[in-house]
Amino acid sequence: MPKTIFGTTEKSNFILNMSKNTVRKWISGLLCACIIVPLIGSMFITFITGSDAANSFLGAFLYATGFSCILFYIVLLLRKDILFKNYPAAFLIVGLAVLAFASYYRVVLSGASQEHLTTALLGEMGRYEGLLALFAYFGIFLLATAVRKESSVKMVFDVLIGAGILQAIVAILQHIPCDFPSNFRKLSALVLMKDVHLSSGLSGSPIFYGSFLTLVSGIAAAGALYEKNTTRALIYGGAAALFFLTGLFTSSIVPLIGIGTVLVVSIVIEFTAGRGGTKFETGKLRSSRKRLAVLLLVLAVIFGLVFALQGINLTDQPIETGEPVMRDKSIAYNDAFYRLFIIGPPSPVNFDSLWQIAWVRSLDMIKEHPFLGIGPDLMAKLQIEDPMLFTDSIDRSYNEYIYTAATRGIPSLIVYLALLAVSFVRLGRGIKEFASDREKWFRPALLTAILAYSVQAFFSASVVTVAPFFWLLLGMVQSDLPESKK
């Protein structure tokens, strides 16, 4: 008998009666949409600068895909294509969702103003990483665990690399002194040395763009080293070089930390997962070792040329006390105060590091609300309403782990770290599988991207223009993909 819900007609329940192969195609398509739809939204917002209406759509594009993933995941449960009890990570995600809701409900019970309640639900203006965004992340993760085909994983990789190339092109145009839309053409009064042209891609900020580059560089590096199709490997290699180049255009340390981690992890995997690397039958570079050497050489040349022609100006790095320019605050404050007007102004005399200010204030919030945090995305609100904290207020901790504890409580941080631990255990097993079957390069790609992102997260922040891609990749780690017979 055809499956139906609540006695409705078969036609209205067509999705319950689709073949497994068709369902898998739907899963792949929806996950690709989780990349494409927010990317379109980011383009819309980036190219219509100064428009509050455009900026307000930032969360809507995420909700459209994230909640569609939740609905489709429920359908998979009804079809019994997946069994919830077989996925320990799914229980951790549910735990994160429950704790996030509890954090929001604490704000409700505290008698907070309507403005606080709206911010906790929808997120801070221009950021929109409130409770609904968190649920969207978790929905993307859950659907990604339902991937069953290696071809689907590589399709997602291709779309993500394509999105990365598009953002890199935008980043280059932002760096060129022209009239291309950019919120970081000049960093207001905070950078007095000279005009700067920082690249932010479609991610909203050079720091957030650095986080995005970390993810796509992990995939691009693995594809360049291990993909047997030479054309595809060349595209991935070229993308890796392009990502590194535009990372230098951000003047932020985040992409250097992230991409640097990608290179270290790639080298370690290459020299530990099997002797002699991967051998190829076609192409001039017929081993992964040779490809790695060429990739490192190309990146070294790019670094040398950029250093010689324009220098490496790390705008978000600390400076000596007494200097007139607060370089390590300029990107964050240009983004949050001068562009979004959601925090107080930077102090003209306080030369403390951005990370020092953000971490100290976050730790104070953790001490005040250790179990459920201050509420999703409420960090800026609590500071700008306090005369003592108004100056140098910040809307992010620029440490994703501290931020999780500050806004949603220590238990949320523990569950999040447990999810990462479970994922890294599976990724470690995947590397063993890759050592026996070198065509399964999606295993090191996932490990490299997720590990590098986790490292740079100590100096960056979760944001709706980047985080969905991380949760998608993290979800695929938990999927039951075909394993090597060996």
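A cavity, as I use the word today, is a set of grid points where a 1.4 Å probe fits but cannot get out, and its lining residues are those with an atom within 4 Å of a point. The model is a predicted one.

I'll take the cavities, then the aromatic rings.

Rolling a probe the size of a water molecule over the atoms shows where empty space is left. Here the count comes to five cavities of 30 Å³ or more. What lines the largest cavity? There are 15 residues in its lining, and those nearest its centre are Leu134, Glu400, Thr404, Arg408 and Ser462. Three helices each supply at least two residues of this lining: H6, which covers 131–144, H15, which covers 400–408, and H16, which covers 410–436. Of these, H15 gives the most, with five residues. By class, the lining of the largest cavity splits into seven nonpolar, four polar and four charged residues.

Now the second largest cavity. About 60 Å³ of space lies in it. Its lining consists of Pro38, Gly41, Ser42, Ile45, Leu58, Phe61, Leu62, Val464 and Thr465. Helix H1, residues 20–47, and helix H3, residues 58–79, each supply at least two residues of that lining. H1 has the largest share, four residues. In the second largest cavity the lining has six nonpolar and three polar residues, and no charged ones, whereas the lining of the largest cavity includes four charged residues.

That leaves the rings. A pair of aromatic rings is described by the distance of the centres and the angle of the planes. How many aromatic pairs does the structure hold? The number is 22. One of them joins Tyr209 and Phe212, with 6.4 Å centre to centre and 20 degrees between the planes. This pair is classed as stacked, because planes under 30 degrees apart count as stacked. Where do Tyr209 and Phe212 sit? Both lie in helix H8, residues 206–226, and they are three residues apart, about one turn of the helix.

The last item is a charge over a ring. The charged end of Arg291 sits over the ring of Phe280, at 3.8 Å from the ring centre.

Conventions
Residues numbered from 1 in each chain as written. Predicted model: local features only at pLDDT ≥ 70, side-chain atom pairs only at ≥ 80, totals over all residues. Heavy atoms only, no water. Phe/Tyr/Trp six-rings, centres within 6.5 Å; stacked < 30°, edge-to-face > 60°. Lys NZ or Arg CZ within 6 Å of the ring centre and 35° of its normal. 1 Å grid on protein atoms, 1.4 Å probe; cavity = no way out; pocket = protein on both sides within 12 Å on 5 of 7 lines; lining within 4 Å. Points joined across faces, edges and corners; volume = space filled by probe spheres on them. Nonpolar A, V, L, I, M, F, W, Y, C, P; charged D, E, K, R; others polar.
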